[in-house]
Amino acid sequence: MFLIGEAESAVHNGRILLPTEYRLKKKHLLLMWKDDHTCFLGETKGALKFAAGTEGPVSGVEIDAENRLPIGDGKEGCRVRLRGCVSTLEVRLLDF
């Protein structure tokens, strides 16, 4: 589902620019926060809960036409590390 590897981005206007090669716009994605600095994207709840190592709320999320992920307010300007593995994409805020 996801490419394996890492990329970096930043939060601008409450959104994170994702690599276009991940082709996430056409997928039905779920988001789960592990803690205040880390969230996971995936297509199934099981993969998200396994990656996060915790039980928590899972919500649907849409990637906009410009490959941006809405991340919420209060995180403007944070650098973000994206780490993809086969079933999930880890999004970690670095400068929070």
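Mentor: Let's start with a term: a disulfide is a pair of cysteine sulfur atoms within 2.5 Å. What we have here is a predicted model, where local features need pLDDT of at least 70, side-chain atom pairs count only at pLDDT 80 or more, and totals for chains, interfaces and linings use all residues. Residues are numbered from 1 along each chain as its sequence is written, and side-chain values use heavy atoms, with hydrogens and water left out.

Trainee: Okay, how many disulfides does a search of the whole structure find?
Mentor: Take C78: the nearest cysteine sulfur belongs to C39 and is 12 Å away, and C78 is in no disulfide. C85 is in no disulfide either, with the sulfur of C39 as its nearest at 13 Å. For the whole structure, the search comes back with zero.

Trainee: Is C78 buried or exposed?
Mentor: We call a residue buried under 20% relative accessible area, exposed over 50%, and partly exposed in between (1.4 Å probe, protein chains only). C78 has 4% relative accessibility, so the word for it is buried.

Trainee: And what about C85, what is its relative accessible area?
Mentor: C85 falls in the in-between class, partly exposed. Its relative accessible area is 35%.

Trainee: In which order do the elements of the chain run?
Mentor: Helices (H or I, at least four residues) and strands (E, at least two) are DSSP runs, numbered from the N terminus. The chain has one helix and eight strands. Starting at the N terminus, you read β-β-β-β-α-β-β-β-β.

Trainee: How compact is the chain, next to a globular protein of that length?
Mentor: The radius of gyration is taken over C-alpha atoms, and the globule rule is 2.2 Å times the number of residues to the power 0.38. For 96 residues that rule gives 12 Å, and the chain's own radius is close to it, so the chain is as compact as a globular protein of that length, at 12 Å.

Trainee: What share of the contacts with a separation of 6 or more comes from residues 24 or more positions apart?
Mentor: Contact means heavy atoms within 4.5 Å. Among contacts in the chain with a separation of 6 or more, the share from residues 24 or more positions apart is 63%.

Trainee: Last one: which residue is 19 residues from G53 along the chain, with its C-alpha atom 7.8 Å away?
Mentor: G53 sits in the loop between helix 1 (45-52) and strand 5 (58-61). Its relative accessible area is 65%, so G53 is exposed. The residue whose C-alpha atom lies 7.8 Å from that of G53 is K34.
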